[in-house]
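The sequence and the structure come first.

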Amino acid sequence: MSTTKLPNTTSLRPDFIWGVSTSSFQIEGATREDGRGLSIWDIHCQSGAIKNRDTGDVACDHYHRYREDVGLMKALGVQAYRFSVAWPRVLPQGWGSANEAGLAFYDRLIDELLAAEIEPWLCLYHWDLPQALEERGGWLNPESTAWFADYTALAAKRFGDRVKRFATFNEPSIFTLFGRSLGKRDCGSEDELHRTIHHVNLAHGAAVDVLRASVAGASIGCIHNRQPCRPASGNEADAAAAARLDVYWNDAFPDPQCRGAYPPSMRTAIEPHMKAGDLARICRPVDWFGLNHYSPVYVKANADSMLGYDFGDKPAGAPLTPIDWPIDPEAFRQTLESVHARYGLPIYVLENGYGSFDEPDQTGAVNDSGRIEFLKAYIEAMNAAASSGVDVRGYFIWSLLDNFEWDSGYSTRFGLTYVDYASLRRIPKSSFGWYTELIKARHSS
Ligand code: GCO
């Protein structure tokens, strides 16, 4: 592999962490095995709502193939691996008695990672809410804070001797704003949306306290999807809709969590759901800001929808990935700068990646040169942000493996590794070798 294709990373700190990310529902499979309870995503898939009626029942079969997958990470040379624990695998009813077999799976995974000298980064919630809790109102129920705190305490007690990096939530703005498309009852009203937002923020704060109290040396954060929401046209209504969505998409969680206050435009709507002292319960000290970034979002006004917005057209001629997401590394650099300026925390990029429709060629190889070009441009943008003083400390590619891409099912592929879902064979793509070279070059410099 020629190293001329490698990005300039000279402004990144010597101890910069290179990693890969996945999530439980998207790769594990074994949804009915060893006592796992059902999640809202199992129920959503059962409805036939997913493209090709795909489900998470087998996924990448990571539950059984985790040793092979850790071997892939070892071959990549990554220092860290971000995964999530499936709440219903360890607490089938969401609370109450724990499932030993479920806990034991994550013990095996963590031990395998440590043996491979790969640091485990554990995300507590990547959207797979236990269905039993959804039936009790889910995040709409004020008891959800206690449920999440108890689940966090179980994970901290069991894994905290070996895991120090904890994320409370993956993309809280996404799973609350777009409840309908993410497997749970949609937020049927703006009032329900604000109640859900507040309860998830309270759950974050409660989990931080639990982790601080029970894991010596815990390094804690929350993972936020942050992407500029831009007007799809020059008209005023679209600009206002974009500005409104930008607040909910980008500020509704990190602002109360890291600055101790909701964005001003949300306060009237959120206040009826607050109790005295809530902001102090939410704003608990964290150690880093987890950033997921892909591309800007283009927004148009829609008076009939919740928050009065809809997704609009991307700029004519904008470069797009094969799944039509804009390619805009400059927006990534700007986002890094805005997070640094607004929150002043060390930043770990915990998702960035390229969706496509890779297939092996006649030799059986998978050449994903588009992904290499994308990653190179985004890493260069991150390097430029670092050169202007942004405290970015890690970059985790989404994803190690092709996997279950939510409503798109298995039709789109984000992996550095191709997964043949018929045989579950893993085939490293050309981007896999490229990332290996990048990490090796960083460690030899
Ligand atoms: C998200 C989720 C991931 C996705 C990835 C590609 O950001 O939607 O964290 O689970 O699979 O981002 O869409």
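## Helix 16

A residue counts as buried when its relative accessible area is under 20%, as exposed when that area is over 50%, and as partly exposed in between. The model is predicted. In helix 16, the buried residues are Ser431, Phe432, Trp434, Tyr435, Thr436, Leu438, Ile439 and Arg442. An α-helix has 3.6 residues a turn, so residues three or four places apart point the same way. The cover over the buried residues of helix 16 includes strand 1 (17-21), strand 11 (392-398), strand 12 (417-420) and strand 13 (425-428), along with helix 3 (62-76) and helix 15 (369-387).

The length of helix 16 can be checked against its residue count. The helix runs over residues 430-444, which is 15 residues, and at 1.5 Å a residue it should span 21 Å. The C-alpha atoms at its ends are 21 Å apart, so the two values agree.

## Ligand site

The ligand is surrounded by 14 residues, and the closest are Gln26, Glu171, Tyr294, Glu351 and Glu405. Sorted by class, this shell holds six nonpolar, five polar and three charged residues.

Several side chains place polar atoms by oxygen atoms of the ligand. For His126, a polar side-chain atom is 3.0 Å from a ligand oxygen. For Asn170, the corresponding distance from a polar side-chain atom to an oxygen atom of the ligand is 3.1 Å. In Trp398, an N or O atom of the side chain lies 3.4 Å from an oxygen atom of the ligand. On its own the ligand has 320 Å² of accessible area, and the protein covers 94% of that.

## Backbone geometry

Most residues other than glycine have a negative phi, and most peptide bonds are trans. Which peptide bond is cis, with omega near 15 degrees? The bond in question runs from Trp398 to Ser399. Ser399 sits in the loop between strand 11 and strand 12, and the side chain of Trp398 has an N or O atom 3.4 Å from a ligand oxygen.

Arg53 is not a glycine, yet has a positive phi of about 55 degrees. Asp61, also not a glycine, has a positive phi of about 55 degrees. Arg53 belongs to the loop between helix 2 (40-46) and helix 3, and Asp61 is likewise placed in the loop between helix 2 and helix 3. Are these residues buried or exposed? Arg53 is exposed because its relative accessible area is 58%. Asp61 is buried, since its relative accessible area is 12%.

Asp15 is located in the segment before strand 1. Its relative accessibility is 47%, so Asp15 counts as partly exposed. The side chain of Asp15 makes a polar contact of 2.7 Å with the side chain of Arg13. Asp15 and His443 are 428 residues apart along the chain, while their C-alpha atoms are separated by 9.4 Å.

Asn250 is part of helix 10 (residues 236-251). With a relative accessible area of 4%, Asn250 is buried.

How values were computed:
Residues are numbered from 1 along each chain as its sequence is written. This is a predicted model: local features need pLDDT of at least 70, side-chain atom pairs count only at pLDDT 80 or more; totals for chains, interfaces and linings use all residues. Side-chain values use heavy atoms; hydrogens and water are left out. A residue is near a molecule or strand if one of its heavy atoms lies within 4 Å of it. A polar contact is a pair of N or O atoms within 3.5 Å; within protein, one must be able to donate a hydrogen and the other to accept it, and residues adjacent in sequence count only if both atoms are side-chain atoms. Accessible areas come from the Shrake-Rupley method with a 1.4 Å probe; for residues, only the protein chains shown count as cover. Ala, Val, Leu, Ile, Met, Phe, Trp, Tyr, Cys and Pro count as nonpolar, Asp, Glu, Lys and Arg as charged, and the others, Gly among them, as polar. Helices (H or I, at least four residues) and strands (E, at least two) are DSSP runs, numbered from the N terminus. The expected span of a helix is 1.5 Å times one less than its number of residues. Buried means under 20% relative accessible area, exposed over 50%, partly exposed in between (1.4 Å probe, protein chains only). Contact means heavy atoms within 4.5 Å.
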